[in-house]
Amino acid sequence: MTLWRIRATVDDRPGYLSVLTASLALRGVNILTVQVQPTEHGAVDDFLVDAPDTLDEAELIAAVERGRGRDCWVARSEARGLVDQPTRVLGLANRLVRDPDATGEALRTLLGADAVSWRPATTGADRGSTGTSMVLADPAGGTFALSRTAPAFTPAEYARAQALVELAATVTRRAAEQVTLVLPGSVEVAVRPACADDLAAVVELHEACSPRSRERRYLSGAALPRPARLRRLLEPTRGLTLVATTTDADGAVVAMANLLGEGDEAEVALLVRDDWQRRGLGSALLRRLVSHADRAAYAALVLHVRADNAPMLRTLHRLDRPSSVQRDGGLLTLTVPLGVPVPSETSTTGHPGMSGTGRRHR
């Protein structure tokens, strides 16, 4: 028996697929897998079959055409073709997570393309698939151009390929956003955007912080926040959450910084593990959040700080940006305008430090 791939278009009507499969069965062809890809011209059926050694390509095409299939394409296959399509795509996605530079090779493998090339940015008019040519938008800029001799690309193949390209761009962007900070004493920490997978490590961060640090961060008491609340903080609807991790094998999260958007303002809050305070980590995280807020065109940052939280006030002072302060009992609300020139010497609060707070998004 010999493995073959068969692709044919079948009218999307009741019973038509069964006619095709019956025609193949009459010639001793065993269908191992089938994928149906809807198109505007009918359903494109992609078969992996096991056929008698006596059947050749022409006889298989004749069998398909007798079964009311059209635009038939037949090619020999290998045992690796037995891997189902979802498993194959997941394997390629895993490869791109580890090596986003392998996007071209992943596309070649996914689609059986004969040629894959990258082009500089162009207009979006030519993006899509036509016959045996395909153009994919690269979110990082430019396009990927693919071609193969046969068969023609389908809309489903285009969607899968575009999803892989976007995955590679996301991985590349996250890698670019990760930086290594060198703190006093040549101690290094990695800073990167948070994700849902950080939940367990962020719970451990809160457990390792003193009640005083947690109270300064959340203003509502020293109790541990519920996991559901932390999950929302890790992936805010608008804004950005950064985590700082050790660079050893443990990779423990030692600080978390939140930028949470509300209208044209963004609220900022920091939490630094007690044994990592007074090293400049809070100031470094705050500056990165300010830079992100500037790029996102927020009008101002808002911070809620206890009046006795001298470390956080010192951290704000190091921003060297003007701010307005409103006091409500023991709580200070500081507003830092963005998008305005920063003077060379500015006095904000007169207090310096580390640890952090937040109120509305606790």
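View 1. At 1% relative accessibility, H206 counts as buried (under 20% relative accessible area, with a 1.4 Å probe and protein chains only; exposed is over 50%, partly exposed in between). The model is predicted: local features need pLDDT of at least 70 and side-chain atom pairs pLDDT 80 or more, while totals for chains, interfaces and linings use all residues. Residues are numbered from 1 along each chain as its sequence is written, and side-chain values use heavy atoms, leaving out hydrogens and water. H206 sits in helix α6, residues 199–208 (helices are DSSP runs of H or I, at least four residues; strands are runs of E, at least two; both are numbered from the N terminus).

**View 2. The side chain of H206 has polar and other neighbours.** The side chain of H206 makes a polar contact with the side chain of Y218, at 2.6 Å (a pair of N or O atoms within 3.5 Å, one able to donate a hydrogen and the other to accept it; residues adjacent in sequence count only if both atoms are side-chain atoms). A polar atom of the H206 side chain also lies 2.8 Å from the backbone oxygen of V202. Leaving aside residues up to four places away in sequence, H206 touches R214, Y218, L224, P225, L230, M256 and L271 (contact means heavy atoms within 4.5 Å).

**View 3. Helix α6 meets helix α8.** The axes of α6 and α8 (residues 227–234) come within 10 Å and cross at roughly 115 degrees (axes are lines fitted to C-alpha atoms over the stretch in contact; angles run from 0 to 180 degrees between N-to-C directions). The two helices are therefore roughly perpendicular to each other (65 to 115 degrees; under 35 is roughly parallel, over 145 roughly antiparallel, the rest oblique). L199, V202, V203 and H206 of α6 make the contact with P227, L230, R231 and L234 of α8.

**View 4. Helix α3 packs on helix α4.** Helix α3 (residues 85–98) and helix α4 (residues 103–111) pack at about 170 degrees, their axes 10 Å apart. They are therefore roughly antiparallel. Residues in this contact include R88, L92 and L96 of α3 and A106 and L110 of α4.

**View 5. Helix α10 has buried residues.** In α10 (residues 310–317), P311, M312, L313, T315 and L316 are buried. The buried residues of α10 pack against α7 (211–218), β13 (265–272), α9, β14 (300–306) and β16 (331–337).
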